Amino acid sequence: VMRESDIILATGGPAMVKAAYSSGRPALGVGAGNTPAIIDETAHIKMAVNSILISKTFDNGVICASEQSIIVLDKVYDEVKKELAERGAYILKGEEIDKVRNIILNEKGGLNADMVGQSAYKIAKMAGVNVPETAKVLVGEVTSVELEEPFSHEKLSPVLACIKVKNAEEGIQKCVEMTEFGGLGHSAVIHSNNDDVILEFSNRVRTGRLLVNAPSTH
């Protein structure tokens, strides 16, 4: 079928993209998103959290542009956590983080397909964690954006990493690292009203889409 096409748009995994590029027809391949979102101290917190939850809950997070990690400056970290909880996100605590962490990836280190597009409640149940059926998103507070941290991967489900940083410089650097591990050329988000920080973010993060104060999925 591919050989009969004028052009192929391949949105899927590496095997699918490779097949499209090997078909002998013009092809555009789309890779992983792994979208990070920074919230700094100048952001409108209610709007930022609302945007992220609207974006992350759309189609249970299967959109590759949906936010995968939120990187929050410590000055507003508690306020962001409170807003997330008040708007229906479930903040994982204690051993709950490990339980969800253990089901994000499969034995080969790839994404666990069983959790893709499932509800936050169903994913928590798979992990042996009790959350309200109304939970919109599972939020895991972590410190690392390295590949060894499952929460820092693209999760394609209503599961979010939440990382505290000291300042905008540290936050932007974490965005750079996260996109380099699995999201170059895709999407990154900043919630800020500081033009200097927004400009620095846009200069350093190498993604095709840079969104300011907006839900990434939409």
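A salt bridge is a side-chain nitrogen of Lys or Arg within 4 Å of a carboxyl oxygen of Asp or Glu. Lys46, Glu83 and Arg87 are linked in a network of such bridges. The model is predicted, so local features need pLDDT of at least 70 and side-chain atom pairs count only at pLDDT 80 or more, while totals for chains, interfaces and linings use all residues. Residues are numbered from 1 along each chain as its sequence is written, and side-chain values use heavy atoms, with hydrogens and water left out.

Side chains of opposite charge can pair when their charged atoms come close. By the rule above, the count comes to 11 salt bridges. Relative accessible area sorts residues into buried (under 20%), exposed (over 50%) and partly exposed (in between), with a 1.4 Å probe and protein chains only. Arg87 is partly exposed, at 27%, whereas Glu83 is buried, at 8%.

Another salt bridge joins Lys82 and Glu86, at 3.0 Å from N to O. Both residues lie in helix 3 (residues 74-86), 4 residues apart, about one turn of the helix. Helices (H or I, at least four residues) and strands (E, at least two) are DSSP runs, numbered from the N terminus. Lys82 counts as exposed because its relative accessibility is 52%, and Glu86 is exposed with a relative accessible area of 52%. Lys93 and Glu96 also form a salt bridge, at 3.9 Å from N to O. Here Lys93 is partly exposed, at 49%, and Glu96 is buried, at 14%.

The next topic is the nonpolar core, a set of buried Ala, Val, Leu, Ile, Met, Phe, Trp, Tyr and Cys residues joined through side-chain atoms within 4.5 Å. In soluble globular proteins, nonpolar side chains tend to be buried together. The largest core has 58 residues, and Val100, Leu138 and Phe151 have the most contacts inside it. Strand 7 (residues 159-165) gives the largest share of this core, 6 residues. Contact means heavy atoms within 4.5 Å. Not counting residues up to four places away in sequence, Val100 touches Leu92, Ala127, Val129, Leu138, Phe151 and Val159.

Ala27 lies in strand 2 (residues 27-30). Ala27 counts as partly exposed because its relative accessible area is 21%. Leaving out residues up to four places away in sequence, Ala27 touches Ile8, Ala20 and Tyr21. The C-alpha atoms of Ala27 and Asp6, 21 residues apart along the chain, are separated by 8.9 Å.
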